[in-house]
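The following exercises ask the reader to describe a protein model step by step. Please keep the sequence and the structure in view while working through each solution.

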2 protein chains.
Amino acid sequence: MRAVIPFKKQNCKTRLSSVLSLREREQLAYTMLTDVVATLNRCNVEVDILSTGVKQLDVNANVIYSDTSLNDVLNEYLSGMASYHKPPPDILIVMSDVPLLTAEHITHINNRDEDIVIAPGSGGGTNVLYIKNPASFHVDYYGTSFLDHIGIAMKRNLTVYMYDSFYLSCDMDEPSDLIELLIHGTGSASQLLKKWGFYVLKDGVVGLYRK
Amino acid sequence: MRAVIPFKKQNCKTRLSSVLSLREREQLAYTMLTDVVATLNRCNVEVDILSTGVKQLDVNANVIYSDTSLNDVLNEYLSGMASYHKPPPDILIVMSDVPLLTAEHITHINNRDEDIVIAPGSGGGTNVLYIKNPASFHVDYYGTSFLDHIGIAMKRNLTVYMYDSFYLSCDMDEPSDLIELLIHGTGSASQLLKKWGFYVLKDGVVGLYRK
């Protein structure tokens, strides 16, 4: 299995602007990426990062610079893997803002027999997508990509496992998402939030606060 | 295993008021309850409903009327089960607004060996809580109850399994939660939303709309 992570640092995570400065958003995005890469490294999975805007990243991964759209760059990557590797490796597409990814998740996916494993994000997104044969599939992110990806698999008669994981559903788009990272996180991204003074109000309706 | 579901119908789900009338909120709450009970019935689990405000419910469950607070009524229930049943049954506390509960979830929980199984809700809640021995535990809902319940288990040297499930994390408190029900639901609650004209805008930022 080989993992690929699309990553964009510059002016990322704009929906977090109400609680984080531009610099903080970029730092958080980068730190979440390092958490995801570290988890994949622990599982001995080779990691490719498709980076937009940044050519050098201090992580244990192959950094491939790209400035095309998310779908185009990933579909080119899948085609390339299918064409240039015999046999092609199975591919795990992981979003860089899923910092609650654990080694157990990777093992669980690795042990599945289905052609496609898909872990939904909240709001119909696709946070983790495993593709057994990169020649057999193309991605269609944005919108309700979870439904789109299941539809693509059905059309191609591929078997699908819906990976029902709360941790994998937690991408960090909105301020309320940071609450999940504070409560459940154990990596460097949650430590960063705590260092910045974020905490969760624990009584009544839970909320995100900053000292 | 025996399941218990706290249920309040009157003026429930106030955070859904911006998209649902009082009558619709009550109807949705009741329909979600029937989905949860139907799933438990399919698994041959006996169901007790601790009902506030409504004495009669048309579901295949024992309805116990109560007007005390959530924590008090559940802790009284646990004490009662521990005192009057020899041996006491293991107890599964399920929130009534977790309509994506499936038979597979129940089987998975039933197969665990830990003393406590806890499925977090978003925002630090506890949506499903399995207690092997009702004499050994007390509940503490509201706020970050997920952390509180883990703390209680630790203090009592109980083993805990964190059930990492996206479907079980989806309680229906906010309008955005209804998006998950529309996308992932297969039961009568998702049908009801569709009958009322709700749909999900699928492109760009996903949103909840009504015809």
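**Exercise 1. Describe the open sheet of chain B and the helix that packs on it.**

Step 1. In chain B, an open sheet is built from 7 strands in the order 3-2-1-4-6-5-7, and its pairing is mixed. Strands (E, at least two residues) and helices (H or I, at least four) are DSSP runs, numbered from the N terminus. Two strands pair if DSSP finds at least two bridges between them.

Step 2. Strand 3 (62-65) and strand 7 (160-162) of chain B are the edge strands, each of which pairs on one side only. On average, neighbouring strands of this sheet are turned by 20 degrees against each other, direction ignored.

Step 3. Strand 5 (residues 116-120) and strand 6 (residues 126-131) of chain B run antiparallel and are joined by 5 bridges. V117(B) has Y130(B) of strand 6 of chain B as its bridge partner.

Step 4. Helix 4 (residues 145-155) of chain B packs on the sheet and touches strand 5, strand 6 and strand 7 of chain B. The direction of this helix makes about 165 degrees with that of strand 5 of chain B. Contact means heavy atoms within 4.5 Å.

The model is predicted: local features need pLDDT of at least 70 and side-chain atom pairs count only at pLDDT 80 or more, whereas totals for chains, interfaces and linings use all residues. Residues are numbered from 1 along each chain as its sequence is written, chains are lettered from A and ligands numbered from 1 in the order in which they are written, and side-chain values use heavy atoms, with hydrogens and water left out.

**Exercise 2. State which strands stand at the edges of the sheet of chain A, and which helices pack on this sheet.**

Step 1. The open sheet of chain A has 7 strands in the order 3-2-1-4-6-5-7, with mixed pairing. Strand 3 (62-65) and strand 7 (160-162) of chain A stand at the edges; each has a single partner strand, so one side of each is left without a neighbour in the sheet.

Step 2. Strand 5 (residues 116-120) of chain A pairs with strand 7 of chain A in the parallel sense over 3 bridges. The bridge partner of V117(A) in strand 7 of chain A is Y161(A).

Step 3. Helix 1 of chain A packs on the sheet, where it touches strand 1 (2-8), strand 2 and strand 4 (91-94) of chain A. Its direction makes about 175 degrees with that of strand 1 of chain A. Helix 2 (residues 70-84) of chain A also packs on the sheet, and its direction makes about 155 degrees with that of strand 1 of chain A.

**Exercise 3. Determine whether S51(A) is buried or exposed, and name the residues that it touches.**

Step 1. S51(A) lies in strand 2 (residues 46-52) of chain A.

Step 2. The relative accessible area of S51(A) is 0%, so this residue is buried. Buried means under 20% relative accessible area, exposed over 50%, and partly exposed in between (1.4 Å probe, protein chains only).

Step 3. Not counting residues up to four places away in sequence, S51(A) touches F7(A), L57(A), V63(A), I64(A), Y65(A) and S66(A). F7(A) is 44 residues from S51(A) along the chain, yet their C-alpha atoms are separated by 4.8 Å.

**Exercise 4. Classify the packing of helix 7 of chain A against helix 1 and helix 6 of chain A.**

Step 1. Helix 1 (residues 22-42) and helix 7 (residues 188-195) of chain A pack at an angle of about 150 degrees, with their axes 8 Å apart. This makes the two helices of chain A roughly antiparallel. Axes are lines fitted to C-alpha atoms, for helices over the stretch in contact, and angles run from 0 to 180 degrees between N-to-C directions. Angles under 35 degrees count as roughly parallel, over 145 as roughly antiparallel, 65 to 115 as roughly perpendicular and the rest as oblique.

Step 2. Helix 6 (residues 175-184) of chain A packs against helix 7 of chain A at about 110 degrees, with the axes 9 Å apart. Helix 6 and helix 7 of chain A are therefore roughly perpendicular to each other.

Step 3. L178(A), L181(A) and L182(A) of helix 6 of chain A make this contact with A189(A), S190(A), L193(A) and K194(A) of helix 7 of chain A.
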